[in-house]
Amino acid sequence: MLTGGSHIDHADRLRVGSTQRVLPFRVMAPSTLGTFLRSFTWGHVRQMDKALEETLRRAWSAGGGPREDAPVTIDVDSTVCEVAGNTKAGAHYGYTGQLGYHPLLAARADTGEIVHSRLRGGSSQKRHYPFVVKTVNRVRRAGARGPLTVRADAGFWSYRLVEDMERLRVGWSITIGQHSQVKAAIANIEDTAWQQIDYPEGGVAEVAETAIVASKKWKHRRIRVVVRRTRLTDPEHAQLWPDWRYHAFATNSELSPVEADTHHRAHARMELAIRDIKQNAGLSHCPSAPHAHATRSDTYQNYWP
C-alpha cells in the first residue's frame, strides 16, 4: 500500500529491485497469493470475522467505544461494487442494473466506523436478517451496554426483522414501502395532525404519524408509522411537482413524530461511511484484480470476507 499497490496483482511491485533485501519476509507472486486465497473455506472466513470482532472489542475497551450505558444507533445498508465480465464469482445484478458484489455494512452512527460487514450472494433482501442480528450481538459483546437502535432503508423492511429486533430488545427505525395498506393509512391522517418542520427555501415539509396492522398467520400487531410529506412552493418549480410527496418509516420509538423523523433522517450519513470504505480502504480492493476483465484463474481471488 505504501508503494501504491491496491490489488493482488500489485504484489509484483515488492518483487523488483532490491526490495527483498529490506523486507523481513519472502514476497509471493500474485498467482501464489491467488492459490492461497482459493484454499480458504467458509470456516476460515468465520475465523477472520471473529478476529475482527475481537479487534473491535479491544479498541472499544481502550477508550474508543461508547460511554457507559450511552445509547447507540447502528445504521445498516448495502452497496454495489461494480465489476465487469462474466467470470466474477458471486457477482449479481441488482436493482441498479449494475453487475457487481452487494456487501452488507453496519456502521456506528456517531462515529461512522464500520462495526460489521458481510459479502453475500445476490442483492436486495437476501441474507439481511441474520446479518442484523449478528451485528446487534457483535456490538453487545464489544461493550455497548446502553440502549441500541437499528436504522435501515426500505430494502431491510420485513416483519421477520421487526420480530428479531423486539426479541433482542432493540429499537428500530426502518423505511417502509408505499404499498396499499401504507397509502390507505396516510390518506386517513387528519389535516390537523400534520406538524410543519424546517425545510429549505422554496419548499415545505410536514410530519405526522399513523399506524398499520401487520398480520402473520394468526398474529396481528399494530405498527407505528411516521410519515413526512414535502412539497415545492416556488411557483415555477411547483409546476413540475405540484402534489405532496410522502416518505414513511416504521418504528417502535417513543419519540414525538418530529423527533423520530429527525433521528431517522440521520440515516443518510451512512452514505458517508460507505464512501469512506470504498475510497482507498476496504471496498476499494473489491474485486481484487485491477483489470476490467478477469480470467477463471483469478475468479476466487474476488471473495471478500
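## The nonpolar cores

A nonpolar core is a set of buried Ala, Val, Leu, Ile, Met, Phe, Trp, Tyr and Cys residues joined through side-chain atoms within 4.5 Å. Buried here means under 20% relative accessible area, while exposed means over 50% and partly exposed lies in between (1.4 Å probe, protein chains only). With those terms in hand, here is the main one: the largest nonpolar core has 40 residues. Those with the most contacts inside this core are Ile 74, Val 76, Val 132, Leu 148, Trp 157, Met 165 and Trp 172. Its largest share, six residues, is supplied by helix H4 (residues 128-142). A second, separate core has 14 residues, including Val 83, Leu 99, Ala 107 and Cys 286.

What does Ile 74 contact, leaving aside its neighbours within four places in sequence? The partners are Ala 106, Ala 107, Arg 108, Val 115, Thr 135, Val 139, Leu 148, Thr 149, Val 150 and Arg 151. Contact means heavy atoms within 4.5 Å.

## About the model and the chain

A word on what you are looking at: this is a predicted model, in which local features need pLDDT of at least 70, side-chain atom pairs count only at pLDDT 80 or more, and totals for chains, interfaces and linings use all residues. Residues are numbered from 1 along each chain as its sequence is written, and side-chain values use heavy atoms, with hydrogens and water left out.

The chain holds nine helices and 12 strands. Both are DSSP runs numbered from the N terminus: helices are H or I with at least four residues, and strands are E with at least two. Of the 305 residues in the chain, 43% are buried. Among contacts with a separation of 6 or more, 58% are between residues 24 or more positions apart.

Let us start with helix H3 (residues 42-64), where Val 45, Asp 49, Glu 53, Leu 56 and Trp 60 are buried. The buried residues of H3 pack against strand S5 (104-108), strand S6 (114-118) and H4.

H4 also packs with helix H5 (residues 159-167), at an angle of about 15° and with the axes 10 Å apart. Such axes are lines fitted to C-alpha atoms, for helices over the stretch in contact, and angles run from 0 to 180 degrees between N-to-C directions. H4 is therefore roughly parallel to H5; angles under 35 degrees count as roughly parallel, over 145 as roughly antiparallel, 65 to 115 as roughly perpendicular and the rest as oblique. On the H4 side, His 128, Tyr 129, Val 132, Val 133 and Val 136 meet Arg 160, Leu 161, Asp 164, Met 165 and Arg 167 in H5. By class, this contact of H4 with H5 has six nonpolar, one polar and three charged residues. In that tally Ala, Val, Leu, Ile, Met, Phe, Trp, Tyr, Cys and Pro count as nonpolar, Asp, Glu, Lys and Arg as charged, and the others, Gly among them, as polar.

## Two buried histidines

His 128 sits in helix H4 and counts as buried because its relative accessible area is 1%. Not counting residues up to four places away in sequence, His 128 touches Leu 104, Gly 155, Phe 156, Ser 158 and Leu 161.

His 267 lies in the loop between helix H8 (257-265) and helix H9 (270-278). With a relative accessible area of 9%, His 267 is buried too. Beyond residues up to four places away in sequence, its contacts are Asp 75, Val 76, Asp 77, Arg 151, Ala 152 and Asp 153.

Ile 174 belongs to strand S8 (residues 171-175), and its 1% relative accessibility is why Ile 174 counts as buried. Not counting residues up to four places away in sequence, Ile 174 touches Ala 152, Asp 153, Phe 156, Trp 157, Leu 161, Phe 249, Ala 250 and His 264. Gly 155 is 19 residues from Ile 174 along the chain, and their C-alpha atoms are separated by 8.9 Å.

In helix H9 you will find Ala 273, which is buried at a relative accessible area of 6%. Ala 273 and Glu 113 are 160 residues apart in sequence, but their C-alpha atoms are 7.0 Å apart. Leaving aside neighbours within four places in sequence, Ala 273 is in contact with Ala 107, Gly 112 and Ile 114.

## Two loop residues with positive phi

Asp 69, in the loop between H3 and strand S1 (72-78), has a phi near 60°, a positive value in a residue other than glycine. Arg 169 is in the loop between H5 and S8, and its phi is also near 60°. Arg 169 is exposed, with a relative accessible area of 75%.
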